[in-house]
Amino acid sequence: MASPAAAGPGTTLPPGAARRDFYWLRSFIAGGVAGCCAKTTTAPLDRVKILLQAHNHHYKHLGVFSTLCAVPKKEGYLGLYKGNGAMMIRIFPYGAIQFMAFDRYKKVIKKQLGISGHVHRLMAGSMAGITAVICTYPLDMVRVRLAFQVKGEHKYMGIIHAFKMIYTKEGGFSGFYRGLMPTVVGMAPYAGFSFFTFGTLKSIGLAQAPNLLGRPSLDNPDVLVLKTHVNLLCGGIAGAIAQTISYPLDVTRRRMQLGAVLPDAEKCLTMVQTLKYVYRQHGIRRGLYRGLSLNYIRCIPSQAVAFTTYELMKQFLHLN
């Protein structure tokens, strides 16, 4: 497509040409907004999950709901949002890259490899999740360190200070990627099954009951989209399935990320070592799947809001 300059001063661009020129940017913004809305909705549950996963000594004997009540008493209500500033700095590019990459990978897999149907959603979702994780992992590392701190026992004074401390005390840039392997291994099935489940439910729903479940898109009446409440339901189901499959690797990632903050850090240096240690010390239910009930409460609305917001943003930014 010729640029406006190449087209000449008196040339009128075809309708929608300017919109197509900035499709990637609008897709980036839509994904970023979707990620921020989803994570803000469940930020208190994220904080509690980190405290339970890594067995913080102040809360390790408590359950999910008792921890939710205990944190405000000990640290104030803002304690439920500790680390959320770093989360928002991370989640905008994370959500933006993930959703934008998913659309791109899906097209490439279908066009270049000739793979279509439901399989290309699974492959594209896995690749998009891995891409987003690698690009934003240092921000996630800092966010976890801040969220694990308890009032009165602060090691890090803020986002910038945490970056400096990790860089100087934990081996430079490699310190920011501690726990990357279980994150990547866990993200592949999580993102893959999340996008796969949502996309499959969406296509089946619109094909089998278009009048009941769907409506015309606001930006393109020729395109059928799911109604908002159906979007929320499909997103929630997608999140639940994906989380169940990948949760043990999420626990492993958190413990590795916390690193030197934990007293047993030397026993959690590699992914396999950490998995074995958590299993031997705490078992399956109270170790590898500790906090899963909270994650269902957290992940189901999070994914529901993420997919629903993205679908609405696509209409608002004329991506259909």
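The following is a conversation about a predicted model of a protein chain.

Reader: What should I know about the model before we start?

Author: This is a predicted model, in which local features need pLDDT of at least 70 and side-chain atom pairs count only at pLDDT 80 or more, while totals for chains, interfaces and linings use all residues. Residues are numbered from 1 along each chain as its sequence is written, and side-chain values use heavy atoms, with hydrogens and water left out.

Reader: Which domains does the assignment give?

Author: The protein chain is assigned domain 1, covering 25–82 + 297–319, and domain 2, covering 177–289. Such bounds come from an automatic or database domain assignment.

Reader: How many residues of each domain are in contact with the other?

Author: On the side of domain 1 there are 19 residues, and they are in contact with 28 residues of domain 2. Contact here means heavy atoms within 4.5 Å. The centres of the two domains, taken over C-alpha atoms, are 13 Å apart.

Reader: And what area is buried between them?

Author: About 2000 Å² is buried between domain 1 and domain 2, and carbon and sulfur atoms give 58% of that. Gln53, Phe307 and Gln315 supply 33% of the area that domain 1 buries against domain 2, more than any other three residues. Buried area is the accessible area (1.4 Å probe) that two parts lose on being put together, summed over both.

Reader: How many salt bridges and polar contacts cross that interface?

Author: The rule finds 1 salt bridge across the interface of domain 1 and domain 2, where a salt bridge is a side-chain nitrogen of Lys or Arg within 4 Å of a carboxyl oxygen of Asp or Glu. It also finds 6 residue pairs in polar contact, both residues at pLDDT 80 or more. A polar contact is a pair of N or O atoms within 3.5 Å; within protein, one must be able to donate a hydrogen and the other to accept it, and residues adjacent in sequence count only if both atoms are side-chain atoms.

Reader: Which elements of domain 1 touch domain 2?

Author: Helix H4 (43–53) and helix H14 (292–316) are the elements that give two or more residues to that side of domain 1. H14 gives the most, with 12 residues. Helices (H or I, at least four residues) and strands (E, at least two) are DSSP runs, numbered from the N terminus.

Reader: What is that side made of, by class?

Author: The side of domain 1 that touches domain 2 has 9 nonpolar, 6 polar and 4 charged residues. Ala, Val, Leu, Ile, Met, Phe, Trp, Tyr, Cys and Pro count as nonpolar, Asp, Glu, Lys and Arg as charged, and the others, Gly among them, as polar.

Reader: Let us turn to glutamate 311. Is it buried or exposed?

Author: Glutamate 311, in helix H14, counts as buried because its relative accessibility is 8%. Buried means under 20% relative accessible area, exposed over 50%, and partly exposed in between (1.4 Å probe, protein chains only).

Reader: What does glutamate 311 touch?

Author: Not counting residues up to four places away in sequence, glutamate 311 touches Phe198, Lys202 and Asn231. With lysine 202 it forms a salt bridge, the closest N and O atoms being 3.0 Å apart. Glutamate 311 also forms a salt bridge with lysine 314, at 4.0 Å between the closest N and O atoms. Glutamate 311 and lysine 314 are 3 residues apart in helix H14, so about one helical turn separates them.

Reader: Why do such side chains pair at all?

Author: Side chains of opposite charge can pair when their charged atoms come close.

Reader: How many salt bridges does the structure hold?

Author: The structure holds 7 salt bridges. One of them joins the side chains of arginine 47 and glutamate 75 (3.4 Å, N to O). Arginine 47 lies in helix H4 and glutamate 75 in helix H5 (residues 64–75), so the pair ties together parts that are 28 residues apart in sequence. Arginine 47 and glutamate 75 are both buried, and Arg47, Glu75 and Lys82 are linked in a network of salt bridges.

Reader: Where is valine 150, and what is it in contact with?

Author: Valine 150 is in the loop between H7 and helix H8 (159–169). Leaving aside neighbours within four places in sequence, valine 150 is in contact with several residues, including Arg47, Glu75 and Lys82. Valine 150 counts as buried, at 2% relative accessibility.
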